[in-house]
Amino acid sequence: MTVRVAMWSGPRNISTAMMRAWENRPDTVVVDEPLYAAYLLRTGLDHPARDEVIASQPTDPDEVVAQLREPLPEGRTVHYAKHMTHHLDAGQDLGWVRDFRTVLLVRDPAEVVASYVRSREACEPEDIGLLQQVWLLDALDEQPPVIDAGDFLRDPEAHLRWLCDWLGIPFTDRMLSWPAGPRDSDGVWAPHWYDAVRASTGFAAWRPRETDLSAHDAAVAGACRPAYERLHALRLRV
């Protein structure tokens, strides 16, 4: 039986390290941000490697979803998609997400914004994904697991064991460490964003983060706070 996991995160989270953990399973195929090209074409935003991203993926969301449903290679039974919730369109029909085992990966918005503005000149509430994670929550028939990055980094193994049990697949300790370096599955944007993950060999230990924000950035984090608190209240506790 094929298990198809859709891990929905905002930016500046542990989503790429989480993808590494799943890709290190011998039974798993991973897909890196399959809706990114569609998002860039729709919004016109100028991201690093914009043209390369658009050329590397389908720009029609329906085509992306069709690819996510394609049969897996022989010997692989788990399909893991790393999704960014800010790639979703407010007017998009989200009925298709019910076909996948959805998990929401969240992080405190002040930490997200503080990290985001170190890489980008500006940040608005719709850029960090929490508002769209609430859209997903409301679009699903059943509540998906919600994982808070801070909780996860305090005990990755317990969270991954719970997820594997929920999915009906065996846990393997290969999910806790991986070889450093790039992967063929990394998106073409990886050279611009993945330096830390490419150097990593496992999940970093949790540590407090500096969140000294400007008035504008604090207002962005504040606008996302109610969404985060709603999701955080539902978080997995292991």
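Helix α2 spans residues 36-43, and its residues Tyr36, Ala37, Ala38, Tyr39 and Leu40 are buried. Buried means under 20% relative accessible area, exposed means over 50%, and partly exposed lies in between, with a 1.4 Å probe and protein chains only. Helices (H or I, at least four residues) and strands (E, at least two) are DSSP runs, numbered from the N terminus. This is a predicted model: local features need pLDDT of at least 70, side-chain atom pairs count only at pLDDT 80 or more, and totals for chains, interfaces and linings use all residues. Residues are numbered from 1 along each chain as its sequence is written, and side-chain values use heavy atoms, with hydrogens and water left out.

- Glycine 44 follows α2, and its phi is positive, near 75°.
- Helix α1 (residues 15-23) is mostly covered, with eight of its nine residues buried.
- Those buried residues of α1 are Ser15, Thr16, Ala17, Met18, Met19, Arg20, Ala21 and Trp22.

- Glutamate 33 is not a glycine, yet its phi is positive, about 45°.
- Glutamate 33 sits in the loop between β2 (28-32) and α2.
- Glutamate 33 is buried, with a relative accessible area of 8%.
- Alanine 49 also is a residue other than glycine with a positive phi, near 60°.
- The loop between α2 and α3 holds alanine 49.
- Alanine 49 is buried, with a relative accessible area of 15%.

**Nonpolar cores**

- A nonpolar core is a set of buried Ala, Val, Leu, Ile, Met, Phe, Trp, Tyr and Cys residues joined through side-chain atoms within 4.5 Å.
- The largest nonpolar core has 33 residues, and Trp8, Trp96, Leu130 and Leu231 have the most contacts inside it.
- Two or more residues of this core come from each of β1 (3-9), α4 (61-68), β4 (101-106), α5 (109-119), α6 (130-139) and α11 (215-232).
- Helix α11 gives the most to this core, with six residues.
- A second, separate core has 28 residues, including Ile14, Leu167, Ile169 and Leu236.

**Cysteines**

- The structure holds zero disulfides. A disulfide is a pair of cysteine sulfur atoms within 2.5 Å.
- The sulfur of cysteine 123 has its closest cysteine sulfur in cysteine 224, at 7.4 Å, so the two are too far apart for a bond.
- Cysteine 123 is buried, with a relative accessible area of 0%.
- Cysteine 164 is buried, with a relative accessible area of 1%.

**Largest pocket**

- On a 1 Å grid over the protein atoms alone, a pocket is an open set of points where a 1.4 Å probe fits, with protein on both sides within 12 Å along at least five of seven lines; lining residues have an atom within 4 Å of a point.
- The largest pocket holds about 1,100 Å³ of space.
- It is lined by 48 residues, and the closest to its centre are Arg12, Asn13, Ile14, Arg107 and Ser115.
- Elements giving two or more residues to this lining are α1, α2, β3 (78-84), α5, α7 (149-154), α9 and α10 (195-199).
- Helix α5 supplies the largest share of the lining, six residues.
- The lining of the largest pocket divides into 20 nonpolar, 13 polar and 15 charged residues. Ala, Val, Leu, Ile, Met, Phe, Trp, Tyr, Cys and Pro count as nonpolar, Asp, Glu, Lys and Arg as charged, and the others, Gly among them, as polar.

**Second largest pocket**

- The second largest pocket has a volume of about 360 Å³.
- It has 19 lining residues, and the closest to its centre are Val31, Asp32, Pro34, Gln57 and Gln67.
- Strand β2 and helix α4 are the elements that give two or more residues to this lining.
- The largest share, four residues, comes from β2.
- By class, this lining has 11 nonpolar, six polar and two charged residues.

**Arginine 154**

- Arginine 154 lies in helix α7.
- Arginine 154 is partly exposed, with a relative accessible area of 49%.
- Arginine 154 and alanine 205 are 51 residues apart along the chain, and their C-alpha atoms are separated by 6.7 Å.

Key. Points joined across faces, edges and corners; volume = space filled by probe spheres on them.
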